[in-house]
Amino acid sequence: MSTKIRLQRGGRKGYAFYSIVVADSRAPRDGKFIEKVGTYNPNTNPATVDLNFERALYWVEVGAQPTDTTRNILKGEGVYMMKHLRGGVKKGAFDEAACQSKFEAWKSEKDNKTNAVRENEAKAKKEAKAKNLEAEKAYNEAVAKKVADKKAAEAAAKAEAEAAKAAEAEAPAEEAPAEA
């Protein structure tokens with residue numbers, strides 16, 4: 001029996017969520033599986049992976065063949081790095097403690113990179129929000145200025161019209177005594 005490590009789709013339409021499963025290679029994608037070793041959510045940035053590391057490592061070491069996407073996920077989580085390091089221990093290149101220290105160094109470097117990406121994304125979002133707020137303030141000030149100019153023009157026109165009416169009212173009054 002040939003085993004595969006692959007993704008099993010779940011979630012609603014347009015919002016995929018995957019289980020990482022070990023299954024017989026002849027089983028359908030969403031069909032029967034041997035063991036569930038984790039989950040993968042590509043909808044978050046960066047994608048969220050929840051993996052039972054020891055079981056995934058066991059299945060890779062006993063020869064389960066991952067699909068391309070699953071292989072990338074397992075590499076990102078360090079399963080293949082640990083398999084490589086354990087191979088070095090078996091050959092006698094270094095001991096188990098050195099294997100663990102190398103893996104921890106690799107994992108901390110990877111976590112630092114992931115945190116940097118998250119921080120940069122949050123910073124970019126914050127800057128974009130501030131930029132949009134400034135643009136909105138400038139637009140609101142321009143609109144307020146236009147409204148104030150329009151009201152001033154209307155007030156000037158109204159005052160001019162009242163002055164004209166007052167001048168007309170005074171002009172006939174002055175003309176009437178001249179006729180008499």
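**Close-ups of a predicted model**

View 1. Tyr139, Val143 and Val147 together make a nonpolar surface patch of about 280 Å². Patch members have over 30% relative accessible area and no salt bridge (a Lys or Arg side-chain nitrogen within 4 Å of an Asp or Glu carboxyl oxygen), and nonpolar side chains are joined within 5 Å. Areas are Shrake-Rupley values with a 1.4 Å probe. Val143 sits in helix H4 (residues 96-179); helices here are DSSP runs of H or I, at least four residues, and strands are E runs of at least two, numbered from the N terminus. Val143 counts as partly exposed because its relative accessibility is 34% (buried is under 20%, exposed over 50%).

This is a predicted model, so local features need pLDDT of at least 70 and side-chain atom pairs 80 or more, while totals for chains, interfaces and linings use all residues. Numbering starts from 1 along each chain, and side-chain values use heavy atoms, with hydrogens and water left out.

**View 2. Helix H3 and what follows.** H3 covers residues 79-91, and its end C-alpha atoms are 19 Å apart, which agrees with the 18 Å that its 13 residues should span at 1.5 Å a residue (1.5 Å times one less than the number of residues). Its buried residues are Val79, Met82, Leu85 and Gly88. An α-helix has 3.6 residues a turn, so residues three or four places apart point the same way. Just past H3, Gly92 takes a positive phi of about 90 degrees.

Methods. Buried means under 20% relative accessible area, exposed over 50%, partly exposed in between (1.4 Å probe, protein chains only). Patches are made of residues with over 30% relative accessible area and no salt bridge: like charges are joined within 9 Å, nonpolar side chains (Val, Leu, Ile, Met, Phe, Trp, Tyr) within 5 Å.
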